[in-house]
Amino acid sequence: MKRNLYAGAAFVAVIAILAVGSAMLGKKAVVHANGAQAPRFEVDPMWPKPLPNHWLMGNTIGVSVDSNDHIWIIHRQASLEPMENYAAANPPGPKRQKGVVESDCCEPAPPVLEFDEAGNLIGHWGGPGEGYTWPDSNHGITVDFKGNVWIGGNGRGRPPGAPEPRAGGAPAVEGQAAAGPLYYHDSMVLKFTQDGKFLMAIGKAGASKGSNDTENLGLPAKTFVDPKTNELYVADGYGNKRVIVFDAETGKFKRYWGAYGHKPDDANIGRYNPNDPPAQQFRNPVHCAELSNDGLLYVCDRPNDRIQVFKPDGTFVKEVFIKKNTLGDGSAWDIAFSKDPQQKYLYLADGSNEKVHIIQRDSLEVLTSFGDGGRQPGAFYAVHSIATDSHGNIFTTETYRGQRVQKFVYKGLGPVTKQDQGVLWPKSAKSPL
């Protein structure tokens with residue numbers, strides 16, 4: 001009888017294994033039967049070309065592509081470590097010996113860098129100047145349809161007359177919440193020409209009064225200008241909890257709203273918990289606001305792991321959660337659209353899970369993802385910002401110690417065969433991983 005029991009158990013186990021295998025095959029068959037397609041990419045490990053002048057990039061905190069397919073990035077000079085900054089030290093180098101400098105490398109590149117399609121550095125500028133206050137902590141760059149360059153910032157700084165912070169009490173950096181009373185140094189966005197000539201500021205440094213202030217911003221993360229209306233949408237952002245809209249020519253206030261189109265509230269709603277009902281307010285940071293060709297605004301509610309979609313007047317349309325159990329920095333960092341006229345696909349940079357998610361825009365279904373944690377080409381260390389050029393290529397930047405920009409070459413559409421593609425190393429080269 002015992003032998004029969006063993007035989008029966010073995011038979012049941014075999015049937016279970018066969019059933020699982022059949023289900024997996026069936027799942028694959030469904031993918032192919034439905035003809036699910038998604039854009040395919042490969043990393044270009046040689047892009048961009050090395051910077052001149054021993055220049056290095058710090059936290060690379062924004063990327064945009066202009067009408068000439070020039071790629072613009074902004075980074076934080078002050079985020080470089082001492083050993084990355086020897087040539088800029090005073091006196092330069094780690095040590096001096098009889099007046100001889102022992103190191104001629106390196107120093108921060110200018111904050112704003114412009115590359116051509118081949119990866120050559122063709123322009124650079126940025127920093128404090130006459131008539132404006134440069135951000136205490138750069139955040140986000142947008143080149144609008146007229147060629148103007150918009151810059152935000154998330155630096156809290158210190159109120160005038162306040163004492164120096166203690167060790168460990170430095171102004172908040174990427175992903176960190178504020179402590180203490182409200183003071184936002186970067187309560188403005190700045191508008192420049194492509195040569196770096198200052199054109200306009202919306203808001204004044206250190207003047208924010210919170211999420212219902214219509215004159216100033218509160219640590220704005222990113223901007224977008226609607227070419228149909230010339231309206232500036234601001235993801236506002238690290239201090240405030242809203243989207244706000246201005247006239248991009250005059251700076252005149254138009255409208256604003258919070259999550260679900262509600263009036264924003266600056267009350268602390270606590271940490272995100274994926275098991276709680278969806279938060280009725282945005283959490284900080286509200287990290288992106290991107291308008292599609294058909295007039296839908298996609299907003300990155302980063303720590304709430306969601307994208308909310310609105311009409312341009314602030315009417316809520318729908319939302320989707322991405323990697324809903326992601327805590328800490330959250331999963332919804334930045335958005336770009338595919339370059340077909342219908343913008344059929346949406347690309348979401350996820351700097352916590354170190355991936356770019358490829359999403360069907362109409363259904364908001366994640367079709368596939370690529371990337372992994374690491375420093376090799378195609379891997380990510382805090383992928384932060386994302387943009388596409390006219391050829392459909394993707395450009396990403398990385399914050400924290402990532403400190404770089406990468407190019408992913410568009411390879412056309414193909415069947416979806418993997419939910420997670422990993423590192424997209426060129427097919428003609430051996431993967432480093």
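Cys288 counts as buried at 0% relative accessibility, where buried means under 20% relative accessible area, exposed over 50% and partly exposed in between (1.4 Å probe, protein chains only). Cys300 is likewise buried at 0%. This is a predicted model, in which local features need pLDDT of at least 70, side-chain atom pairs count only at pLDDT 80 or more, and totals for chains, interfaces and linings use all residues. Residues are numbered from 1 along each chain as its sequence is written, and side-chain values use heavy atoms, with hydrogens and water left out.

A disulfide joins Cys288 to Cys300; the term stands for a pair of cysteine sulfur atoms within 2.5 Å. The torsion about the S-S bond of Cys288 and Cys300 is about 65°, so this disulfide is right-handed. Cys288 lies in strand S18 (residues 286–291) and Cys300 in strand S19 (residues 297–301), so the pair ties together parts that are 12 residues apart in sequence. Strands (E, at least two residues) and helices (H or I, at least four) are DSSP runs, numbered from the N terminus.

The count comes to two disulfides, and their pattern is 1-2, 3-4, with bonded cysteines counted along the chain.

| Disulfide | S to S distance |
|---|---|
| Cys105 and Cys106 | 1.5 Å |
| Cys288 and Cys300 | 2.1 Å |

Cys105 is partly exposed, with a relative accessible area of 28%, whereas Cys106 is buried at 9%.

The protein as a whole has one helix and 28 strands. Buried residues make up 51% of its 433 residues.
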